[in-house]
Amino acid sequence: MAQKTECRPGTRNAYSSRLACRTRKGICMHTKMKPQIILKKAAGLLKKRTQTQNCTGSAKIRQGTALLCAVAIFFTSVLHVLSPGLVLAAGTGGIKGSNLPAGYVTESQMELANAWPDMNESALYNVMRKAQNRQRVTIAFIGGSITKGTMSFGSRDRSLRKKLTYVDFCRDWWSKKFPKADLRLINAGIGATDSYLGVHRVQQDVLDKKPDLVIVEFAVNDSKTAEHKQAYENLVRKILDSETKPAVLLLFMSKMNGQSCQLQQAQIGMHYNLPMLSYGNVINDMVSKGIYTMDELSGDGIHPSALGYAVAGEILVRYFDQINEKSMGQVIRKKPSAKYVTAKKYNNAKLLSCKDITIRKMGTFEEYSQNSTFPDSLTSKKGNGDLTFTVNCKNIGLLFSAQLKGGGKFDVYVDGKKAATINADNSAGRKSKPEAVACYSSKTKKNHTVRIVRNKKSSGKQLTIYGILISD
């Protein structure tokens, strides 16, 4: 397939002032000529200029303009002739050799990304100074498949020589900016998961590793419900209140149709005065102005393409550059608000594997270890299931596989009373995925007996349980 990049001359920002030129089958779409012809014409213009010695007034202006155009065309053509493999992406630039994205996002779009400029950044300053002093800095990312690095194929991706995720770009920026610091990076992204599961796994997956900075990304996978709003706030509070008191940066990704929980999650961020960045604001501006199409930014409408990730990466690294410049001098950390927007919940939240619970009856379930993310699982492929176990907590949830084929509906009983029905049928989806569902909540912590049995009306018979979600 012919390479195709877009010509947008004359645009600049702090990262790039390069001219990106669209090519199709070796023809510059700006001049409608092949590079060899452009070189000849440029040489002719330059020759004509040298032959004109006695011109005045408007003639001089025209000749000066011709000279400038010739020089610009000449160097653009040399770039294509000498480096045919280097094709800059659409927009205002490309990816630098240092693996840092550059020139995709304009200054005005950076303002859209950082739409909350007056948030408290002092904790981020402290992290930067720690890296400047060559100390150990641990940076963690928690989110869904976008954080994990699932990349779709966009219609412009062939023009990108580097295909990296936003986590990759962040890693490269920190490594380049602070080469002598002891940098550690944790990617705790799990595909198709939300903040409800996040609040239960953040301790083990992130906080036990004592992070200095945590970037939270659940805007795409959360829904606009009170339950998700409460789970997201409790996740953020759990991070803020943890032992190392890390800096927290909220990242709002978005589907191409605009679906995102940005407004709901930004309310939490503003309450705690946290830095926030919006990828959704930027791509909406890009698409509306015709800079990029939806198909170029995402191949499936959900996950960013390589180009989409480059945009997200530039938003983050340019923001980090701004923070690094501000971080000089002494900064006193400001404490976030102690009050909740929703309500405190999920104390001591944990994700228990099926080996961590006390099983009273297996029924038709058996051990299952084929999922590398959740290896200690239980599965029932036939029969009624009829699993019984005990846990000590206030709140109970289940993490299970929503299956593309064979998934059934199962009733959950707590202490002999029906508490919920979970649906493991995802036949209408694209693939099997993990799903977390809250099943029971009480005000008193005590031992609870949980029984899981297939619903009598369920046509599907299969259920795979990845873990049990408990909290006080």
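Which residue has a side chain that meets the side chain of Asp-472 in a salt bridge, and what is the N to O distance?

Author: That partner is Lys-445, and the N to O distance is 3.6 Å. A salt bridge here is a side-chain nitrogen of Lys or Arg within 4 Å of a carboxyl oxygen of Asp or Glu. The two residues sit in distant parts of the chain, 27 residues apart: Asp-472 is in the segment after β16 (463–471), and Lys-445 is in strand β15 (residues 433–454). Asp-472 has 17% relative accessibility, so it counts as buried, while Lys-445, at 44%, is partly exposed. Buried means under 20% relative accessible area, exposed means over 50%, and partly exposed is in between (1.4 Å probe, protein chains only). Strands are DSSP runs of E with at least two residues, helices are runs of H or I with at least four, and both are numbered from the N terminus.

Before we go on, a word on where this comes from. The model is predicted, so bear in mind that local features need pLDDT of at least 70 and side-chain atom pairs count only at pLDDT 80 or more, while totals for chains, interfaces and linings use all residues. Residues are numbered from 1 along each chain as its sequence is written, and side-chain values use heavy atoms, with hydrogens and water left out.

Arg-318 is buried at 4% relative accessibility, whereas Glu-107 is partly exposed at 40%. These two also belong to a network of salt bridges that takes in Glu-314. Another bridge runs between Lys-130 and Asp-212, at 2.7 Å from N to O. Here too the pair links distant parts of the chain, 82 residues apart, with Lys-130 in helix α4 and Asp-212 in the loop between α7 and β5. Lys-130 counts as partly exposed at 26%, and Asp-212 as buried at 14%.

Next, let's look inside. A nonpolar core is a set of buried Ala, Val, Leu, Ile, Met, Phe, Trp, Tyr and Cys residues joined through side-chain atoms within 4.5 Å. The largest one has 53 residues, and Tyr-166, Trp-174, Leu-213, Val-311, Ile-315 and Phe-320 touch the most other members. Elements that give two or more residues to this core include α3 (107–113), α4 (122–132), α10 (279–288) and α12 (306–326). The top contributor is α12, with 12 residues. If we skip residues up to four places away in sequence, Trp-174 touches several residues, among them Val-127, Ile-139, Leu-183, Leu-213 and Phe-320. Touching, or contact, means heavy atoms within 4.5 Å. There's also a second, separate core of 39 residues, which includes Trp-116, Tyr-196, Leu-235 and Leu-399.

Rings of Phe, Tyr and Trp (its six-membered ring) pair if their centres lie within 6.5 Å; planes under 30 degrees apart count as stacked, over 60 as edge-to-face and the rest as tilted. That rule gives nine aromatic pairs. Trp-116 and Phe-252 make an edge-to-face one, 5.6 Å centre to centre with 80° between the planes. This pair links distant parts of the chain: Trp-116 is in the loop between α3 and α4, and Phe-252 is in strand β6, 136 residues away. Both Trp-116 and Phe-252 are buried. In another pair, the ring centres of Trp-174 and Phe-178 are 5.5 Å apart and their planes are at 45°, so that pair is tilted. Trp-174 and Phe-178 also share one aromatic cluster with Trp-173 and Phe-320.

Our last stop is around Ser-278, which lies in strand β7. Ser-278 is buried, with 0% relative accessibility. Leaving out residues up to four places away in sequence, its contacts include Trp-116, Phe-252 and Ile-315. In helix α10, the buried residues are Tyr-279, Gly-280, Val-282, Ile-283, Asp-285 and Met-286. Their cover includes α3, β6, β7 (276–278), α11 (294–297) and α12.

Stepping back, the protein chain has 12 helices and 16 strands, and 52% of its 472 residues count as buried.
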